[in-house]
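Trainee: I am new to this structure, and I would like to understand the terms used for it. Could you take me through them with care?

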Amino acid sequence: MTGLMKTLSVLMFLLACILTKPSLAGEKTALVIGNGAYSDMPALRNPTNDANLIAGKLAGLGFDVVRVIDGNRQDFREGLVRFGRQSQGADVALVFYAGHGVQVNGQNWLLPVDAEIQASTDLPAQALKANDLLEIMEASGARLKLVFFDACRNNPLPRSLSRGAANGLARLEANAAGMMIAFATSPGDVAL
């Protein structure tokens with residue numbers, strides 16, 4: 001079973017269990033990002049297909065889906081703003097990210113397709129810190145917050161970043177009540 005199929009199976013099981021409770025049958029929002037058409041690093045074949053599949057399944061379950069496919073930095077910002085506003089007070093807020101993600105000095109970064117990373121100092125201006133996404137989830141006040149990262153691949157950044165960079169993503173803690181974070185693989189490992 002592929003990583004996506006495992007993720008999708010777990011996601012659908014959780015949602016089936018959760019959404020059968022009358023108290024969580026209300027507003028459901030999702031941010032689904034699938035980035036594969038990178039301009040300055042290796043392209044990825046599966047993320048856009050995976051994201052479109054998951055977005056379709058979530059829409060079928062009644063989620064109001066913000067979909068960002070092959071998103072650049074501006075698309076990331078606009079998607080995050082729309083999702084943050086939609087998820088205010090929602091019963092369920094869900095994020096699915098598939099694309100390049102990197103760990104540098106213990107911080108996880110999600111990379112838009114137009115990211116041009118030559119030095120670690122480029123990351124704050126070129127990428128999204130995964131913790132910032134978690135803060136948006138926490139600030140939303142959603143009762144249930146689900147985050148799925150399918151971004152644990154070999155580090156695509158230049159060798160000059162290899163000192164602070166590591167394969168896979170670093171462990172993230174769910175700091176808010178009602179939050180669950182799932183990864184495609186264990187912290188620091190690579191999902192092929």
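Mentor: Two strands pair if DSSP finds at least two bridges between them, and strands (E, at least two residues) and helices (H or I, at least four) are DSSP runs, numbered from the N terminus. This is a predicted model, in which local features need pLDDT of at least 70 and side-chain atom pairs count only at pLDDT 80 or more, while totals for chains, interfaces and linings use all residues. Residues are numbered from 1 along each chain as its sequence is written, and side-chain values use heavy atoms, with hydrogens and water left out.

Trainee: What makes S4 and S5 a pair?

Mentor: Strand S4 (residues 101-104) and strand S5 (residues 107-110) are joined by four bridges in the antiparallel sense, and the definition asks for at least two. Val102 has Trp109 in S5 as its bridge partner, and in the hairpin, which has two residues between the strands, Asn105 takes a positive phi near 50°.

Trainee: Why is H3 called roughly parallel to H5?

Mentor: Helix H3 (residues 73-86) and helix H5 (residues 130-140) pack at an angle of about 25°, with their axes 9 Å apart. H3 is therefore roughly parallel to H5, because angles under 35 degrees count as such, over 145 as roughly antiparallel, 65 to 115 as roughly perpendicular and the rest as oblique.

Trainee: Which residues of H3 and H5 meet?

Mentor: Leu80, Phe83 and Gly84 in H3 meet Leu133, Ile136 and Met137 in H5, where contact means heavy atoms within 4.5 Å.

Notes
Axes fitted to C-alpha atoms, helices over the stretch in contact; angles between N-to-C directions.
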